[in-house]
Amino acid sequence: MFADSGLGRTLTLVVLTWTIESAVMRIALGDRFGRNSLIDLFWINLLTNPAANYAYGELGWNWWLVESLVTITEAWPIARSLRVSIGRGFVMSLLANGVTAAVGRGVEVLTS
Amino acid sequence: MKRGSRRQLLIAGFGACLVSAPSLKADILSPGSKRVSHKMKFENIKEYEKNYKFFFLPLTRDEGLEWLKAQEEFGKSGVISVSGINPVAVAVTKGFFLVAVPRSMLDPDGGVSIEKLRQPPAGILKSERLVGQIRAVDVSDEDEFWTIYHVKIVDGKLQTGLIRHDEPKRRDQVKSNSFGSGGLALISAITAAGAIWSRFVVRSEA
């Protein structure tokens, strides 16, 4: 089944994180988060998500380190996409990735 | 943004969170991993049951009937399944501990408060920190892991000697799985970087 394959699972996770981050950004920024930014955010997630999963799942890197690197990496493209300063891009990256990470952690705590 | 569309977006986002929860959980359970059963056994606590009642810290988040029942079970068998214990509860107690409470210091219901187990007053004996829990391992690894301790109470001190501890396979001993492959991550990153770059260039030229 495609969803169980490596590529399928990667894309599923990218789309899920993209959906959550898009919702967070739309709520935070309103109309300033438009169609172009939505598409940019998909590519940004494809840039970081599979690499983060590899670093965390395969290389065994610390979860906090991986999340921090993802947030830092996404700051510039997010800032460029939204046409804001890198500082504000970092804040948006922190917010979006923070919510995604919190949802994941929350699910684990509630179901453990 | 209009209030109605914001509300719709909020609902859609919440729905997405709910839908994605199992996959995110699977994501946290790192790729190619599976949940396992990890049990701890204290093989000889019966030797001391005449004078002491044994407790395991932590067991559940809340103190109450369920907690007391679980502790009773543990006190009888000396076996506890630690893989299902909430990691948050483990973090709160700063690890797993075995606690021996003299029967004379027990509450009338046969229990003892969590506070006394966490910071035992004189007379209550607390072990050194025990090994950590094993919750997930590589899919090719075993389904069940055991840690067995031998307990000794000498000179008013509770000692735990490690008899057996099943270690999961190290990462370099397991076969890499396809999902987390570096190749896929690299191809995704290069493709995405190219797409982002071209989109930004096209937009700045427009």
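## Conventions

A residue is called buried under 20% relative accessible area, exposed over 50% and partly exposed in between, with a 1.4 Å probe and protein chains only. By this definition R83(A) is exposed, with a relative accessible area of 62%.

The model is predicted, so that local features need pLDDT of at least 70 and side-chain atom pairs count only at pLDDT 80 or more, whereas totals for chains, interfaces and linings use all residues. Residues are numbered from 1 along each chain as its sequence is written, chains are lettered from A and ligands numbered from 1 in the order in which they are written, and side-chain values use heavy atoms, with hydrogens and water left out.

## Overall composition of chain B

Chain B has five helices and nine strands, these elements being DSSP runs numbered from the N terminus (helices: H or I, at least four residues; strands: E, at least two). Along the sequence, their pattern is α-β-β-β-α-β-α-β-α-β-β-β-β-α.

Chain B comprises 206 residues, 42% of which count as buried. Contact means heavy atoms within 4.5 Å; among the contacts in chain B with a separation of 6 or more, 74% are between residues 24 or more positions apart. The accessible surface of chain B is about 11,700 Å², and carbon and sulfur atoms contribute 55% of this area. Accessible areas come from the Shrake-Rupley method with a 1.4 Å probe, and for residues only the protein chains shown count as cover.

## Salt bridges between the chains

Side chains of opposite charge can pair when their charged atoms come close. A salt bridge is defined here as a side-chain nitrogen of Lys or Arg within 4 Å of a carboxyl oxygen of Asp or Glu. Over all chains, the structure holds five salt bridges.

One of them links R199(B) to D40(A), with an N to O distance of 2.5 Å. R199(B) belongs to helix α5 (residues 182–205) of chain B and D40(A) to helix α2 (residues 35–58) of chain A, so this pair joins two chains. D40(A) also forms a salt bridge with R203(B), the closest N and O atoms being 2.6 Å apart. This pair likewise joins two chains, because R203(B) lies in helix α5 of chain B and D40(A) in helix α2 of chain A. D40(A) counts as buried at 1% relative accessibility, and R203(B) counts as buried at 17%.

## A salt bridge within chain B

K53(B) and E72(B) form a salt bridge whose closest N and O atoms are 2.5 Å apart. K53(B) lies in strand β3 (residues 52–57) and E72(B) in helix α2 (residues 65–77) of chain B, so the pair ties together parts that are 19 residues apart in sequence. K53(B) is buried at 8% relative accessibility, whereas E72(B) is partly exposed at 29%. Elsewhere, salt bridges that share partners join D40(A), R199(B) and R203(B) into one network.

## Helix α5 of chain B

The 24 residues of α5(B) should span 34 Å at 1.5 Å a residue, and the end C-alpha atoms are 34 Å apart, which agrees. The expected span is 1.5 Å times one less than the number of residues. Among the buried residues of α5(B) are L184(B), A192(B), I196(B), F200(B) and R203(B).

## Helix α4 of chain A

T100(A) is placed in helix α4 (residues 86–111) of chain A and counts as buried at 8% relative accessibility. The side chain of T100(A) reaches the backbone oxygen of A96(A) at 2.8 Å. Apart from neighbours within four places in sequence, T100(A) is in contact with T17(A), I20(A) and E21(A).

V103(A), also in helix α4 of chain A, is buried with a relative accessible area of 18%. The C-alpha atoms of V103(A) and I20(A) are separated by 9.4 Å, although these residues are 83 apart along the chain.

## Backbone geometry

Most residues other than glycine have a negative phi, and most peptide bonds are trans. The peptide bond from L57(B) to P58(B) is cis, with omega near -5°; P58(B) lies in the loop between β3 and α2 of chain B.

R83(A), in the loop between α3 and α4 of chain A, has a positive phi of about 55° although it is not a glycine. K94(B) has a positive phi near 60° and is likewise not a glycine. K94(B) is located in the loop between α3 (87–93) and β5 (97–102) of chain B and is exposed, with a relative accessible area of 62%.

Terms used. Polar contact = N/O pair within 3.5 Å; in protein donor to acceptor, adjacent residues only side chain to side chain.
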